[in-house]
Amino acid sequence: MPVLEVDGKQLVQSRAISRYVATELGFYEGTSWNRAQIDIVLETCREMDPLLETFFDNLSNQEKMAELRGKIETQFDKVLGKLEHLLKLNNGGDRWFVGEKVTLADVTCFSLFTDFYPVVMGKEADLSEYEKLAELMKRFRELPQIAEWLEKRPKTKL
């Protein structure tokens, strides 16, 4: 179980930790409505969780992993359609998921598309049918701090 220690106190559970850190860094702020919109994107991304958890639980079973990859591909396509729709609800999809700046919603999607999907599927996520999502990932990747971090971060599977 993930644990974050802050001022001698422990915070557990990855979702609680991500929201805490995002709040501290200004990626999960604004009105209750804005935070609810961020949550919608987060929960849409997390529709992948049950299949991803099953996949990682079966790393030693190649046959099961192959079967799960097919299911993941199908579910991922559904999630992409939902995310494209949600993105278009804010400024026609020409900026970020919520508001006028990067939020935890954008960070989470970037992580899903660039970290988890390639590890599980063995290939990059194909966003060719999702123009606005592809543009969002490009915009995000080109942010100076993100570009710098991607260049220097340790090369690991996840």
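How many nonpolar, polar and charged residues does the lining of the largest pocket have? Sorted by class, that lining has 20 nonpolar, 5 polar and 5 charged residues. Keep in mind that you're looking at a predicted model.

Let's stay with this pocket for a moment. The largest pocket holds about 1100 Å³ of space, and 30 residues line it. If you want to find its centre, look for Leu104, Val107, Thr108, Ser111 and Phe116, which are the lining residues nearest to it. Helix 5 (104–121) is one of the helices that supply at least two lining residues each, along with helix 1 (14–25), helix 3 (49–57) and helix 7 (144–152). The largest share comes from helix 5, with 8 residues.

Now for the second largest pocket. Its lining is made of 11 residues, and Asp115, Arg153, Pro154, Thr156 and Lys157 lie nearest its centre. Here, too, helix 5 gives the most, with 4 residues.

| Space | Volume |
|---|---|
| Largest pocket | about 1100 Å³ |
| Second largest pocket | about 190 Å³ |
| Largest cavity | about 30 Å³ |

Key: Residues are numbered from 1 along each chain as its sequence is written. This is a predicted model: local features need pLDDT of at least 70, side-chain atom pairs count only at pLDDT 80 or more; totals for chains, interfaces and linings use all residues. Side-chain values use heavy atoms; hydrogens and water are left out. On a 1 Å grid over the protein atoms alone, a cavity is a set of points where a 1.4 Å probe fits but cannot get out, and a pocket is an open set with protein on both sides within 12 Å along at least five of seven lines; lining residues have an atom within 4 Å of a point. Grid points are joined across faces, edges and corners, and a volume is the space filled by probe spheres set on the points. Ala, Val, Leu, Ile, Met, Phe, Trp, Tyr, Cys and Pro count as nonpolar, Asp, Glu, Lys and Arg as charged, and the others, Gly among them, as polar.
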